Amino acid sequence: MSTNTISTQDLHDVARRCVWFQSPEETLADPVFFIAHVLTYGVHCDVMKLRRHFDKDALANALANAPPGIMDPRSWAYWNLILRDLSLPPPMPTRTFA
């Protein structure tokens, strides 16, 4: 999916559950941010709803561009194996301070 804003009731509900600290509308306006949260905090049904709206390439792209601080090591390793076929994942995204 290439739209800037995603709007369906399924994804709205997933956004509310997985990104509890901001509105679903705000969350869905940033697909990479949204997908990274679902891949980390979502349960199976959340990921299945996500997969109905995004193809594997979109999920892999979101993983490769995940903002620092969202992914945990277990989710990072798992999704890099599943989506990017990387049995040895790259280093997790890190914050840099100037």
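Modeller: Start with helix α1 (residues 9-18) and helix α4 (residues 44-53). Their axes come within 10 Å and cross at roughly 135 degrees. Axes here are lines fitted to C-alpha atoms, for helices over the stretch in contact, with angles from 0 to 180 degrees between N-to-C directions. Helices are DSSP runs (H or I, at least four residues), numbered from the N terminus. This is a predicted model: local features need pLDDT of at least 70, side-chain atom pairs count only at pLDDT 80 or more, and totals for chains, interfaces and linings use all residues. Residues are numbered from 1 along each chain as its sequence is written, and side-chain values use heavy atoms, leaving out hydrogens and water.

α1 and α4 are therefore oblique to each other. Oblique covers what is left after roughly parallel (under 35 degrees), roughly antiparallel (over 145) and roughly perpendicular (65 to 115). The crossing of α1 and α4 is left-handed, meaning that the near helix is turned anticlockwise from the far one by less than a right angle. α1 brings Asp10, Leu11, Val14, Arg17 and Cys18 to the contact, and α4 brings Asp46, Lys49, Leu50, Arg52 and His53. Contact means heavy atoms within 4.5 Å. By class, that gives 4 nonpolar, 1 polar and 5 charged residues. Ala, Val, Leu, Ile, Met, Phe, Trp, Tyr, Cys and Pro count as nonpolar, Asp, Glu, Lys and Arg as charged, and the others, Gly among them, as polar.

His37 touches Cys18, along with Val19, Phe21, Gly42 and Ile70, leaving aside residues up to four places away in sequence. His37 sits in helix α3 (residues 31-41). His37 is buried, at 4% relative accessible area; buried means under 20%, exposed over 50%, partly exposed in between (1.4 Å probe, protein chains only).

Now the other helix pair. Helix α5 (residues 56-64) and helix α6 (residues 73-84) have axes that come within 10 Å and cross at roughly 145 degrees. Their crossing is left-handed. From α5, the contact uses Lys56, Leu59, Ala60, Leu63 and Ala64; from α6, Trp76, Trp79, Asn80, Ile82, Leu83 and Arg84. These residues divide into 8 nonpolar, 1 polar and 2 charged.

Stay with Trp79. Trp79 is buried, with a relative accessible area of 9%. Tyr78 is partly exposed, at 44%.

Notes. Helix = DSSP H or I, 4+ residues; strand = E, 2+ residues; numbered from the N terminus.
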